[in-house]
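User: Hi! Could you walk me through this one?

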Amino acid sequence: MIDEQVKNIEHTLLSDNYYTLNKVSFDYLMKSGEWVNQMREVYDRGDGAGILLYNKRKGTIILTKQFRMPTYLNDNKDGFLVEIAAGMLDHDSPEACVIRETEEEVGYRLKEVKKIYEAYSSPGVMTEKMHFFIGEYRDDMKVNDGGGLESEHEDIEVLEIPFKEAVNMLNAGEIHDTRTIVLLQYALIHKLLE
Ligand SMILES: Nc1nc2c(ncn2[C@@H]2O[C@H](COP(=O)(O)OP(=O)(O)O[C@H]3O[C@H](CO)[C@@H](O)[C@H](O)[C@@H]3O)[C@@H](O)[C@H]2O)c(=O)[nH]1
Ligand SMILES: [Mg+2]
């Protein structure tokens, strides 16, 4: 039972400017048998979902490239990051979210996607759980040029590249987004494009 190890959980709202940041205080029972009070700042921006889009016949995948301010503030020279298509659930199911984001960000309308993993993005800090998918795209599923929502000032470059090129980038340490690394490795392990 959870109450046997954690009790007196109290939230203090620090910010709800866009998403919410809380200071969470709680009592925690250490393995030694001692109760200690702990505090963690917890950022809640809901859950997310992302997808590796692949075309077995062409041997290609689709990735995105976009400016990510937090990475620019931490060592990423121009702030641009190569990533899978992904987004926040925004009250949709994970499946509906990746289908929506695929159309908005890269311009393909998918009917079928396959869920492969569910994992916490940054368990010490964020509540966010990420839903990982793979999905096959074909040229005849293209409905627009992608790029993201203009109303949200998204400015996304669509990269359709040979899977081999993506693997070379992965091996050269040029992919700096964990979700993208996970899905490329999944594709390799499961020989998705062979
Ligand atoms: N004004 C404002 N807008 C914001 C803020 N944070 C996000 N937004 C808006 O919300 C949009 C979110 O776009 P999505 O495509 O839904 O999300 P994402 O940023 O791509 O998130 C995905 O990647 C994240 C980073 O790895 C993941 O954390 C997330 O789960 C998801 O997979 C952004 O384009 C931006 O317009 C903010 O602090 N202020
Ligand atoms: Mg996105």
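User: What is the average pLDDT of the protein?

Analyst: This is a predicted model, and the protein averages a pLDDT of 96, with 98% of the residues scoring at least 70. For the complex, the predictor gives an ipTM of 0.93 and a pTM of 0.95.

User: Nice. What does UniProt list for residues 44-183?

Analyst: An unreviewed UniProt entry lists them as "domain: Nudix hydrolase". In the model that span is 23% helix and 33% strand, and its end C-alpha atoms lie 24 Å apart.

User: On to the ligand. Which residues surround ligand 1?

Analyst: Among them are Tyr-18, Ala-86, Met-88, Ser-121, Glu-128, Glu-152 and Glu-154. Strands E4 (48-55) and E7 (85-88) are the elements that give two or more residues to this shell, and E7 has the largest share, 3 residues.

User: And how many of the shell residues are nonpolar, polar or charged?

Analyst: The shell has 4 of each class.

User: Switching to H2: how far apart are its end C-alpha atoms?

Analyst: They are 17 Å apart, which agrees with the 18 Å that 13 residues should span at 1.5 Å a residue. Just after H2, Gly-107 takes a positive phi of about 90°.

User: Which residues of H2 are buried?

Analyst: Pro-94, Cys-97, Val-98, Ile-99, Glu-101, Thr-102, Glu-105 and Val-106. Glu-101 is also one of the residues around ligand 1.

User: What do those buried residues pack against?

Analyst: They pack against strands E4, E5 (60-67), E7, E8 (114-120), E9 (129-136) and E10 (157-162).

Technical notes
Residues numbered from 1 in each chain as written. Chains lettered and ligands numbered in written order. Predicted model: local features only at pLDDT ≥ 70, side-chain atom pairs only at ≥ 80, totals over all residues. pLDDT = per-residue confidence, 0-100. UniProt positions renumbered as here; feature names shortened; annotations may be inferred. Helix = DSSP H or I, 4+ residues; strand = E, 2+ residues; numbered from the N terminus. Near = placed C-beta within 6 Å. Nonpolar A, V, L, I, M, F, W, Y, C, P; charged D, E, K, R; others polar. Expected span 1.5 Å × (residues − 1). Buried ≥ 20, exposed ≤ 12 C-beta atoms within 10 Å, placed from the backbone. Contact = placed C-beta atoms within 7 Å.
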